[in-house]
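Student: I have just opened this entry and would like a guided tour. Could we take it step by step?

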Amino acid sequence: MGYGIDLGSTAVKVVALRRTLGGYKITGASRVRTPRLEGPEQKTALLKLLHQACGANGQRAAVVGLSGRDINLQVVQQPAMKAANYRVMMGYELDQRKGQATDLYLDFCTLREPDQFFPQYLALIGIGKNTYVDDRIDLLARTGLDVRDAVPNSFALFSAYRNAYEAEGGTILLLDIGSDNMDMAFVRGGKLIFARNASSGARVFDGQVSGVLSLSMEDAERVKVARANLGPAANVAEEEDEIRGPVRSAAGQISGFITSSINHAKLQLNDRELAVDKVYLSGGGARVRGLVEYLSGALKMPVEVLDPFRKVDTSSVDRMAGEEWRELPTDMTIALGLGQLLSAGPGASTLSILPDQVKKRRNFFRHTLWLAVGGAAMLAALLFLTVLGIVRKGSHGAALEKFQAATKDVKDRIEAMDALEVEQQQLAAKVDSLMWPATGGRGALDVVARLKKTLPAGVSLREFRLTEPGAGRRGDRERERESTDRVRVAVNVRGRGLVIGEVENDDSTELRLRGQQPIPKNEIVGDVVRWPSSMREVTLVGEIDENIRGGPRDALNALKEQLSDASRGVKASLKSQKQSDKPGWRVFEMVIGFE
């Protein structure tokens, strides 16, 4: 748990906040009006109020807000460069702004990195007087709080908005109106693009009322709270109408300040097209009746009251103080946002204006401590997973042994079936090897049987012989080489079983057998059994009558088709034909091959 502390000029606002899985929970809240004192008496009074607000809860982390004339925020744009070079350039910027001064604290934060739309770094430099910052840190330290950060109020305002609203389109202006200061934040696409604070606030209403009624500032403030009304004239009571003029004059000053701040943002961001689409108001100064409607009309844009409690659990405080403590517009926005920045993490947009020793402590809790915690958590997780792995390995080993014992009989049967499959493959290869040489003779008998049925009149056979492939056309060495190269195989193919055939092509990826589908090598189970393939051809030499019906060519082609049978690997081809020694006849030679 931690505290967000807003030390205003008229009141001290404190929010005790705790981070939960669902977001944030407010465990305590306090708003105490501060007396108007000067010097040490003022500091003593603030110290007493902080003790009352925080109680004796021991040392707790806290973030304090900074605002007013002692804080200066400046926009800087740098061209796209490496991140390391960018940090060096921003260091030069800080040194240049500090110059020879020894009474300043400086820091910067990156609001936007270069992208396809904006090719520059957008950064914000914060400069604070060390007496002002040290005074606030000392107040909290003497109260027993552990000061983790000192942040401009505009960043706390943005934090409260970001944790309460989803990212909205266009440019949003957040304005917190305090008594003597106003804090502003420009938001686009859910990201902070510009921040500003000014030494002006709701006190302008008191000043106008005091001048007209000749009252002290304290009395004028009470009159403002009771009677100020910027609503339609028809709805204004007589006592309210008395101060309507000065109140509207002060509201005009607020409107003018907003307009000038928008123009100032255009210059700082070098964005002439910058246009604000909506304004959110918060702070005690926004409670003047009718101010929201007046500013909406004067600025010609929607103006709404900011509700920072939309996604915050306030049930604990509601039970103790009722829901009136967070009535809108609320002046607890800055304190709530400061408390949220305490646990926002390194990725949040924040600007720390701190002494070096406090900044080192802040960085330790923000980075080093969490890295150490994360490392310890990772180590614990690894140890747990290691022990769990050892336990699970033992249980899995026992389960594996039990499974192997239960499936031993099935495994033995599978091994026996595999052995039978290999034996079947080898036997099939032997049978095919023994039967294949008889293929030529069987094929010759088939040819004779076909010739008896299909040999037409006008065709006579002189010679019928069984030969080796290419006999009479190639030399003995060439025929011997082809006979050696021709190979038959028997393989077991996954999903197809035993396949036997003559090798047509064999490469690293597939095995292709004549007349069959290609077999991918990765689908072959077990070894490939190979043996030489012997081939035979039947050569027919005969005569054909030149006056045969249809002509010799058509008759021989018809005979060739009748002797061929693709389903059995039988193919007939006409090799030659020439004039016979008998007038009116032609000699032909036909070869029938068996694959």
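Predicted model: local features only at pLDDT ≥ 70, side-chain atom pairs only at ≥ 80, totals over all residues.

Student: Which residue forms a salt bridge with E240?

Tutor: The partner of E240 is R289, and the closest N and O atoms of the two are 2.8 Å apart. This pair links distant parts of the chain, 49 residues apart. E240 sits in helix 7 (residues 238-241), whereas R289 belongs to the loop between strand 12 (278-282) and helix 9 (291-299).

Student: And is R289 buried or partly exposed?

Tutor: R289 is partly exposed, at 36% relative accessible area.

Student: How many salt bridges does the count come to?

Tutor: The count comes to 31 salt bridges. One of them joins the side chains of D331 and R31, at 2.1 Å from N to O.

Student: What does the pair of D331 and R31 tie together?

Tutor: D331 lies in the loop between helix 10 (315-321) and helix 11 (333-341) and R31 lies in strand 3, so their pairing ties together parts that are 300 residues apart in sequence.

Student: Why does D331 count as buried?

Tutor: D331 counts as buried because its relative accessibility is 6%, and the cut-off for buried is under 20%. R31, by contrast, is partly exposed, with a relative accessible area of 42%.

Student: Where do K582 and E543 lie?

Tutor: K582 is in the loop between strand 22 (570-579) and strand 23 (585-594), and E543 is in strand 21 (residues 537-545). They form a salt bridge whose closest N and O atoms are 3.6 Å apart, and the pair links parts of the chain that are 39 residues apart. E543 is buried at 5% relative accessible area, while K582 is partly exposed at 38%.

Student: Which residues do salt bridges with shared partners join into one network?

Tutor: That network consists of K43, D135, D138 and R142.

Student: Let us change topic to pockets. What volume does the largest pocket have?

Tutor: The volume of the largest pocket is about 1300 Å³. Its lining is made up of 50 residues, and G8, S9, T10, S179 and D180 lie nearest its centre. Among the elements that give two or more residues to this lining are strand 1 (2-7), strand 3 (23-33), helix 1 (39-54) and helix 3 (130-142).

Student: Which element gives the most to the lining of the largest pocket?

Tutor: Helix 3 gives the most, with five residues. By class, the lining of the largest pocket holds 20 charged, 17 polar and 13 nonpolar residues.

Student: Finally, the surface. Which residues make the nonpolar patch?

Tutor: M378, L382, F384, L385 and L388 make a nonpolar surface patch of about 520 Å². Of these, L388 lies in helix 12 (residues 356-406) and is partly exposed, with a relative accessible area of 34%.

How values were computed
Residues numbered from 1 in each chain as written. Heavy atoms only, no water. Patch = residues over 30% accessible without salt bridge, like charges linked within 9 Å, V, L, I, M, F, W, Y side chains within 5 Å. Areas by Shrake-Rupley, 256 points an atom, 1.4 Å probe, with all protein chains shown as cover. Salt bridge = Lys/Arg side-chain N within 4 Å of Asp/Glu carboxyl O. Helix = DSSP H or I, 4+ residues; strand = E, 2+ residues; numbered from the N terminus. Buried < 20%, exposed > 50% of the residue type's maximum accessible area, 1.4 Å probe, protein only. 1 Å grid on protein atoms, 1.4 Å probe; cavity = no way out; pocket = protein on both sides within 12 Å on 5 of 7 lines; lining within 4 Å. Points joined across faces, edges and corners; volume = space filled by probe spheres on them. Nonpolar A, V, L, I, M, F, W, Y, C, P; charged D, E, K, R; others polar.
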